[in-house]
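Colleague: I'm new to this one. Can you walk me through it?

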Amino acid sequence: MFDVTRDDIVGGSLSRALVVLAGPLVAQNFALVAQSVVDLFWVGRLGGTAVAAVGLATVVVALLTVPLQAFFTGSQVVTSQRVGADEAAAARRVPFTAAACAVAVAAVLGVGLVVGAETVAGLFTGDAAVRRLAAEYLTAYALALVAIGASDTLESGFTGWGDTTAALYVNLTAIVVNVVFDPLLILGWGPFPRLELFGAALATAVGYAVGALFALALAARGREGFRLTRRALRPHLDTAREVADVGLPVAGQQSGRQVARLGMIWVVSAVGGPAALAAYHIGSQVATVAFVPAQGVAQAATSVVGQNLGADQPARARRATWIGVAIAAVGLSAFGVVQWFVPAPIARVFVPDLSGQALAYSVLYLQILAYGYWALGVIYTVEAGFNGAGNTDVSMYSTLAQYWAVRLPVALVGAYALDLGAAAVFWGVTLSNVAAALWLTAYFHRSADRGMLDRAADDAAASD
């Protein structure tokens with residue numbers, strides 16, 4: 001139902017290709033959100049200190065996975081261009097080469113994490129109990145890093161090939177195994193030992209390891225041309241360089257974003273206290289759910305753009321980008337309208353007993369966020385146009401400007417110079433989204449007019 005062929009992507013309806021490819025990716029992203037909720041539920045059985053420790057560790061984990069993002073994106077983009085150019089053998093070796101690189105980098109990061117887990121946790125908290133539990137979680141998460149490196153890179157290869165159904169199967173396998181093992185390893189059900197937070201991270205590692213093995217099994221069977229061969233398994237140095245060239249700016253983009261988010265959390269906590277911080281966290285969780293469809297469309301657009309450039313059809317790649325922009329912007333705008341009218345019930349879905357100043361801040365933030373939802377749809381899909389063309393550095397520079405030149409300065413100036421308090425932080429988020437959407441749209445239009453996509457098609461044709 002969800003599969004489209006190369007011929008569909010480079011010669012059929014672009015709207016249909018984007019929607020069909022995005023369907024499994026949207027389902028996959030919703031499943032990831034559900035996984036986070038389930039993880040929190042079981043960790044919550046251990047008490048508030050355990051939840052705080054995992055919240056702290058999540059920040060560290062987000063930073064540690066940044067280098068791996070280079071291989072995830074590089075695998076998808078380069079694979080899609082090879083498929084579009086009808087270079088099946090060259091396309092097959094991309095995900096396996098990228099996975100080998102990701103596993104190697106993850107192993108180095110994992111060793112460092114095991115050695116310095118408690119020291120790293122201590123940088124974020126002075127509470128001894130939270131530090132100890134966070135270090136326990138991070139120590140086990142070292143194994144998860146390696147498994148995630150393998151699973152997500154192979155999954156990106158399927159997405160680049162246009163087989164988003166296989167990518168969904170791989171991700172769902174990892175998520176289901178993780179969810180099943182959570183209570184077994186956290187609480188020690190049945191014959192399993194009670195490992196608490198160590199068990200929570202270990203369940204993630206087991207889930208992604210099974211996901212990686214399942215991805216290999218699917219490739220061994222062969223799907224839409226993406227199959228396991230001896231030639232594909234041999235790492236290829238030039239391919240590794242190309243994957244890194246495309247993916248490293250994405251790692252830089254994610255790094256800048258994560259550090260800026262830490263800064264925003266510091267500001268909102270300083271000017272609004274626990275109530276504003278709770279509202280900011282609730283708004284982030286709601287927005288994460290709202291963005292899922294747009295992220296799915298953007299992931300699909302990256303593959304569609306890449307394959308059409310590989311097939312030397314830059315005009316179709318350009319049109320695919322704008323169609324993706326329209327779909328994502330309209331969809332998120334509709335969600336934003338609903339959110340603006342019923343912010344309190346939405347907030348209470350996440351925190352049922354929310355009241356007082358925390359509720360007031362949450363309502364304010366959710367309504368302010370709603371004004372800029374259309375812009376996030378634009379950002380994701382225009383970036384997909386640049387990424388599909390291999391120009392991932394544009395997304396990196398845009399994100400750095402969005403967070404460091406607009407979001408943080410607006411929050412700081414509004415909160416302290418204009419005495420707007422937490423509202424300044426909330427407006428900083430929305431205004432930075434709108435600004436980024438406007439400059440990305442203008443720059444993509446200008447770059448396409450000046451031959452960016454034509455050059456990308458030529459580069460893809462010249463690669464073997």
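**Surface patches and salt bridges**

Modeller: Start with the surface: Asp312, Asp454, Asp458 and Asp459 gather there in a patch of negative charge. This is a predicted model, where local features need pLDDT of at least 70, side-chain atom pairs count only at pLDDT 80 or more, and totals for chains, interfaces and linings use all residues. Residues are numbered from 1 along each chain as its sequence is written, and side-chain values use heavy atoms, with hydrogens and water left out.

Colleague: What makes a patch?

Modeller: Patches are made of residues with over 30% relative accessible area and no salt bridge; like charges are joined within 9 Å, and nonpolar side chains (Val, Leu, Ile, Met, Phe, Trp, Tyr) within 5 Å. Areas come from the Shrake-Rupley method with a 1.4 Å probe.

Colleague: Where is aspartate 312?

Modeller: In the loop between α10 (237–310) and α11 (314–341). Helices are DSSP runs (H or I, at least four residues), numbered from the N terminus. Aspartate 312 has a positive phi of about 60 degrees, although it is not a glycine.

Colleague: New topic. Which residues form the nonpolar patch?

Modeller: Val337, Val338, Trp340, Phe341, Val342, Tyr371, Trp427 and Leu431, with about 760 Å² of accessible area together. The largest share, 4 residues, comes from α11.

Colleague: And how many salt bridges are there?

Modeller: The whole structure has 5 salt bridges (a side-chain nitrogen of Lys or Arg within 4 Å of a carboxyl oxygen of Asp or Glu). One of them joins aspartate 449 and arginine 318, with the closest N and O atoms 2.7 Å apart. Aspartate 449 is in α16 and arginine 318 in α11, so the pair ties together parts 131 residues apart in sequence.

Colleague: What about aspartate 238 and arginine 241?

Modeller: Both lie in helix α10, 3 residues apart, about one turn of the helix.

Colleague: Where is confidence lowest, and where highest?

Modeller: Lowest in helix α9 (residues 230–233), at a mean pLDDT of 69, and highest in helix α16 (residues 422–449), at 95. pLDDT is the predictor's confidence in each residue, from 0 to 100. The protein's mean is 85.

Conventions. Lys and Arg count as positive and Asp and Glu as negative; His and the chain ends are not counted. The place of a charge is taken as NZ of Lys, CZ of Arg, CG of Asp or CD of Glu. Helices (H or I, at least four residues) and strands (E, at least two) are DSSP runs, numbered from the N terminus.
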